[in-house]
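My entries follow in the order in which I made them.

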Amino acid sequence: MHPDEAHVWQLDPTRVAGREPTEAAAALLSPEERARPAAHRDPRAGHTFLVARGLLRCALSELVPEVAPAVWSFTRGPYGRPQIATPRCHTSVRFNVSHTRDQVVCVVVRDADCGIDVEPAGRTVDVPLLAGDVPAPAEAAVLAAAAPEHRSEVFLRHWTLKEAYAKALGVGMRLPFAGLVFGPPTTGAPRLDPAAHPEGADWQFAQWVTARGPAGQGWVVSLALSRPGGRELRIVRHDRWPTCPPSPSRGHLGVQM
């Protein structure tokens with residue numbers, strides 16, 4: 001795994017369907033992970049969780065091929081951020097996962113903090129209800145100027161950037177979103193407003209909206225990466241299942257494309 005690259009996978013979990021591939025995904029997980037889908041009232045949400053965890057393990061093993069997917073084990077940081085526990089020689093590999101209905105995203109990088117978030121671009125948001133908690137004043141002005149039919153998507157662009165940054169910091173919702181200011185929209189990548197956040201130079205952000213399918217649905221994806229040594233990371237995006245070594249006595253995960 002090249003230290004100057006951040007790898008991002010984005011997949012539709014409904015493409016991983018059927019008993020055989022689903023059981024193969026479950027076989028990669030720890031007993032605790034296998035038990036969690038049963039706690040979901042919605043079987044579809046449980047399936048998405050299973051696919052997300054299987055994707056993470058396979059993504060890690062594509063980039064660190066000497067470690068089989070089922071061998072990875074995880075722990076949590078002080079505020080609950082998942083991180084690698086074993087193999088201990090690979091704890092410098094960082095990752096983050098986000099999933100929503102019909103979409104799973106995962107980022108893997110070495111020696112850098114990372115966070116990723118995904119939301120349906122067409123999701124309807126009660127913007128006035130949340131306006132006091134999420135956007136900074138300058139961002140609220142951008143929201144107010146947006147056409148009503150685009151306001152929810154504009155809000156989600158701000159929300160996912162802040163969520164990704166909070167996850168990269170490892171503090172989650174403890175970060176005061178309204179005090180977090182991203183610079184005015186430009187043609188370049190998103191950035192923290194340097195006047196409000198001098199530490200913004202230590203971070204790299206990216207955001208994209210996937211092409212909308214026949215149903216008109218797309219997804220807003222935001223990515224936050226710390227800059228190790230101040231260097232820019234190359235973001236490598238994948239829309240396929242990772243290729244990785246099989247675990248001993250474990251099946252392969254099939255994906256319907």
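I began with Phe 182, which is buried at a relative accessible area of 6%; buried means under 20%, exposed over 50% and partly exposed in between, with a 1.4 Å probe and protein chains only. Phe 182 sits in the loop between helix 6 (151-169) and strand 7 (203-209). I take helices (H or I, at least four residues) and strands (E, at least two) as DSSP runs, numbered from the N terminus.

Before going further I noted that the model is predicted, with local features needing pLDDT of at least 70 and side-chain atom pairs counting only at pLDDT 80 or more, while totals for chains, interfaces and linings use all residues. Residues are numbered from 1 along each chain as its sequence is written, and side-chain values use heavy atoms, with hydrogens and water left out.

I then listed the contacts (heavy atoms within 4.5 Å) of Phe 182. Beyond its neighbours within four places in sequence, they include Leu 161, Leu 192 and Phe 205. The C-alpha atoms of Phe 182 and Leu 192 are separated by 4.2 Å, although the two residues are 10 apart along the chain.

Next I looked up the nonpolar cores, meaning sets of buried Ala, Val, Leu, Ile, Met, Phe, Trp, Tyr and Cys residues joined through side-chain atoms within 4.5 Å. The largest has 26 residues, and Leu 55, Leu 60, Cys 106, Val 108 and Trp 241 have the most contacts inside it. Helix 3 gives the largest share, nine residues. A second, separate core of 22 residues includes Val 127, Val 134, Leu 143 and Phe 205.

I checked helix 3 itself. Of its 21 residues, 17 are buried.

For the sheets, I counted two strands as paired if DSSP finds at least two bridges between them. An open sheet of four strands has the order 4-5-1-9, with mixed pairing. Its edge strands, strand 4 and strand 9 (234-238), each pair on one side only. Strand 1 and strand 9 pair in the parallel sense over five bridges, and Val 8 has Arg 237 as its bridge partner in strand 9.

Last, I turned to strand 6 (residues 114-120), where seven of seven residues are buried. Strand 6 runs antiparallel to strand 8 (residues 219-226), joined by seven bridges, and Val 118 stands opposite Val 221.
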